[in-house]
Amino acid sequence: MPTPPGGVVEQAAQDCHTWLHELFFDLAQQAGATDAKSLAHQLILLYDGAGISAWLDRDPSAETAARSVAATLVEAAVPD
């Protein structure tokens with residue numbers, strides 16, 4: 001049964017997603033990323049994609065692959 005647009009479920013999901021964006025942005029800043037906003041956006045896309053992939057494909061190895069890609073993104077975004 002779908003929930004109504006703008007209802008409490010949609011708001012809770014949006015609040016969670018906003019919190020996650022803020023968390024990734026704060027962590028990117030703390031890590032010293034040259035463009036923390038861009039890195040946070042890339043990591044959110046990776047996070048969301050890995051979660052959907054693991055769910056749809058029922059493939060727990062998505063987490064390992066996502067971790068590897070995340071490390072590469074962070075390494076490229078944070079100067080030595």
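Visitor: Where is alanine 62 found?

Guide: Alanine 62 is in helix α3. Helices here are DSSP runs of H or I with at least four residues, strands are E runs of at least two, and both are numbered from the N terminus. This is a predicted model, where local features need pLDDT of at least 70, side-chain atom pairs count only at pLDDT 80 or more, and totals for chains, interfaces and linings use all residues. Residues are numbered from 1 along each chain as its sequence is written, and side-chain values use heavy atoms, with hydrogens and water left out.

Visitor: Is alanine 62 buried or exposed?

Guide: Alanine 62 counts as buried because its relative accessibility is 10%. Buried means under 20% relative accessible area, exposed means over 50%, and partly exposed is in between (1.4 Å probe, protein chains only).

Visitor: How many Å separate the C-alpha atoms of alanine 62 and glutamine 11?

Guide: They are separated by 28 Å, and the two residues sit 51 apart along the chain.

Visitor: New topic: how many salt bridges does the structure hold?

Guide: One. That term means a side-chain nitrogen of Lys or Arg within 4 Å of a carboxyl oxygen of Asp or Glu. The partners are arginine 67 and glutamate 63, with their closest N and O atoms 2.4 Å apart. Side chains of opposite charge can pair when their charged atoms come close.

Visitor: How far along helix α3 are arginine 67 and glutamate 63 from each other?

Guide: About one helical turn, because they are four residues apart in helix α3. Arginine 67 is exposed, with a relative accessible area of 58%, while glutamate 63 is partly exposed at 43%.

Visitor: Which residues line the largest pocket?

Guide: Among them are Phe24, Leu43, Tyr47, Gly51 and Val74. The elements giving two or more residues to that lining are α1, α2 and α3 (62-77). The largest share, six residues, comes from α2.

Visitor: Where is phenylalanine 24, and is it buried or exposed?

Guide: Phenylalanine 24 is in helix α1, and it is buried, with a relative accessible area of 15%. Its C-alpha is 8.7 Å from that of lysine 37, which is 13 residues away in sequence.

Visitor: Now the loops. Where does aspartate 35 sit?

Guide: Aspartate 35 is in the loop between α1 (8-31) and α2. Its relative accessibility of 41% makes it partly exposed. The side chain of aspartate 35 also reaches the backbone nitrogen of serine 38 at 3.2 Å.

Visitor: And what about phi of arginine 58?

Guide: Phi of arginine 58 is near 50 degrees, a positive value in a residue other than glycine. Arginine 58 lies in the loop between α2 and α3, and it is exposed, with a relative accessible area of 68%.

Visitor: Last one: where in the structure is leucine 56?

Guide: Leucine 56 is in helix α2 (residues 36-57). At 57% relative accessibility, leucine 56 counts as exposed.

Terms used. Polar contact = N/O pair within 3.5 Å; in protein donor to acceptor, adjacent residues only side chain to side chain. 1 Å grid on protein atoms, 1.4 Å probe; cavity = no way out; pocket = protein on both sides within 12 Å on 5 of 7 lines; lining within 4 Å.
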